[in-house]
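The following note sets out numbered remarks for a colleague who has the sequence and the coordinates at hand. The remarks move from one chain to the other and then to the contact between them.

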Amino acid sequence: MTRTDNWTAGWACDKLLHHDKVIATKVRNDNLLELEANGLEYNVEIATMSVANVTAFEIGEIYTSNSIEFILNIKADAYYDRTAIYFSEQTPVGIGGVSDLYRAITGRELRTYLPEETKFILRGLRQHSKVTSVTRANNRTYQITRNNHDPVTVLALNEYDLTAEAVRQGIERFGIPSLILTSNPNCHPSTEALRAASNSGLSVLSWGELLGSLHRA
Amino acid sequence: MNYWGRYIVHSDTVKTFLLPALSSLDAEISRVKLYIFGSILQPDSIVNDIDILVVYEFSSELDRIRYALDIVSHRFPMHITYMSTAEETQFDFVRQQHAKRVCEMSA
């Protein structure tokens, strides 16, 4: 069956040429392209899609060869569920939007690419003395188990100006957490955002506040 | 005036499709205002996402616009921020970000 996002490889080939490190791109099929870039030792294969809710099943449709190093999703702010994340980690294959692919090319790290924010949160939580494990339930939610305390589910929202609608949508899309982390260090939550979180029985914590709270029951 | 960053300049489809689509939404839903902001408004900038601001009076008005923007966002990488009128005032967002009202850009 023809996919509705069968335009994405052609679209991405044109777009990626704007990146200063990209030398050439070539469409291999509707959802697959080949990319040559400065700093990469060989041409890499990139699978493409435009999908709002990404699962391992969705990925399986376009991940047609294990030579594919990155899955580019044109749809920004997409939801990646646990199965998609597991597929990405285990294969391994990088996954993300256009900005993520640019960073992966610059960092010469396509297969194991993770956004800086995700890397920072995972590293910080895993080094916490109370934390025994951290797993990603989706691309915004972290499930934390702790020594002698109940597990905690953290929803990380990275808006600079955190709004009530971002809180409401975050809960609706990513599931009800134990608390909300403002993962942007310069985040300013609006009065309405704090009220929306409070109405759902949730605290909004900064990174430092979260690390402190993990010591408490 | 050339508002558009390089993303738009190199894509006639975006110029002829995105702006009219957003503009008609902006005009149709009277108590919701649509703005564009960010790097797309800077000529010769490299644009990864199109930043859209939706300012609303009541969140109940958002379902229709969210549905319409969701369809458009499958075709273009868009980052959409929803702000109540009170939040926009609190952050002084439109002025600080030099956001442009969509219906005024296409006039």
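1. The model discussed here is predicted. Along its sequence, chain B follows the pattern α-α-β-β-α-β-α-α-β-α. In number, these elements are 6 helices and 4 strands. Of the 107 residues in chain B, 35% are buried. Among the contacts in chain B that link residues at least 6 apart in sequence, 74% join residues at least 24 apart.

2. The sheet of chain B is open and has 4 strands, in the order β3-β2-β1-β4, with mixed pairing. Its edge strands are β3(B) and β4(B) (100-101), each of which pairs on one side only. Strand β2(B), residues 50-56, pairs with β3(B) in the parallel sense over 7 bridges. Within chain B, Ile50(B) stands opposite Met78(B), a residue of β3(B). Helix α3(B), residues 62-73, packs on this sheet and touches β1 (32-37), β2 and β3 of chain B. The direction of α3(B) makes about 170° with that of β3(B).

3. Chain A is divided into domain 1 (8-106) and domain 2 (116-213). The centres of the two domains, taken over C-alpha atoms, are separated by 27 Å. Their contact takes 5 residues from domain 1 of chain A and 5 residues from domain 2 of chain A. On the side of domain 1 that touches domain 2, β6 (79-80) and α3 of chain A each supply at least two residues. By class, that side of domain 1 has 3 nonpolar, no polar and 2 charged residues.

4. Helix α1(A), residues 8-16, is mostly covered, with 7 of its 9 residues buried. The buried residues are Thr8(A), Ala9(A), Trp11(A), Ala12(A), Cys13(A), Lys15(A) and Leu16(A).

5. In soluble globular proteins, nonpolar side chains tend to be buried together. The largest nonpolar core of this model has 36 residues, and those with the most contacts inside it are Phe70(A), Ile71(A) and Leu72(A). The elements giving two or more residues to this core are α1, β2, β3, α2 (56-62), β5, α3 (82-90) and α4 of chain A. Leaving aside residues up to four places away in sequence, Ile71(A) touches Ala47(A), Met49(A), Ile59(A), Ile62(A), Tyr63(A), Val93(A) and Ile95(A). Another core, of 23 residues, lies apart from the largest one; among its members are Leu18(B), Ile36(B), Val55(B) and Phe76(B).

6. A further open sheet in chain A is formed by 5 strands in the order β8-β9-β10-β12-β14, and its pairing is mixed. Why is one side of β8(A) and of β14(A) left without a neighbour in the sheet? Both β8 (131-138) and β14 (204-205) of chain A stand at the edges and have a single partner strand each, so one side of each has no neighbour there. Strand β10(A), residues 149-157, and strand β12(A), residues 179-182, pair in the parallel sense over 4 bridges. Leu157(A) stands opposite Thr182(A), which belongs to β12(A).

7. Helix α6(A) lies across β8, β9 (141-146), β10 and β12 of chain A and runs at about 120° to β10(A). Arg173(A) lies in this helix, which spans residues 164-174. Is Arg173(A) buried or partly exposed? Arg173(A) counts as partly exposed because 16 other C-beta atoms lie within 10 Å. From C-alpha to C-alpha, Arg173(A) and Asp150(A) are 24 Å apart in space, and they are 23 residues apart in sequence.

8. The contact between the chains takes 17 residues from chain A and 19 residues from chain B. On the side of chain B that touches chain A, β3 (78-84) and α4 (85-91) of chain B each supply at least two residues. The largest share of that side, 6 residues, comes from β3(B). By class, the side of chain B that touches chain A has 8 nonpolar, 8 polar and 3 charged residues. Strand β3(B) is thus an edge strand of its sheet and also the source of the largest share of this side.

Key: Residues numbered from 1 in each chain as written. Chains lettered and ligands numbered in written order. Predicted model: local features only at pLDDT ≥ 70, side-chain atom pairs only at ≥ 80, totals over all residues. Buried ≥ 20, exposed ≤ 12 C-beta atoms within 10 Å, placed from the backbone. Contact = placed C-beta atoms within 7 Å. Nonpolar A, V, L, I, M, F, W, Y, C, P; charged D, E, K, R; others polar. Core = buried A, V, L, I, M, F, W, Y, C linked by C-beta atoms within 7 Å. Domains from an automatic or database assignment. Pairing = 2+ DSSP bridges. Axes fitted to C-alpha atoms, helices over the stretch in contact; angles between N-to-C directions.
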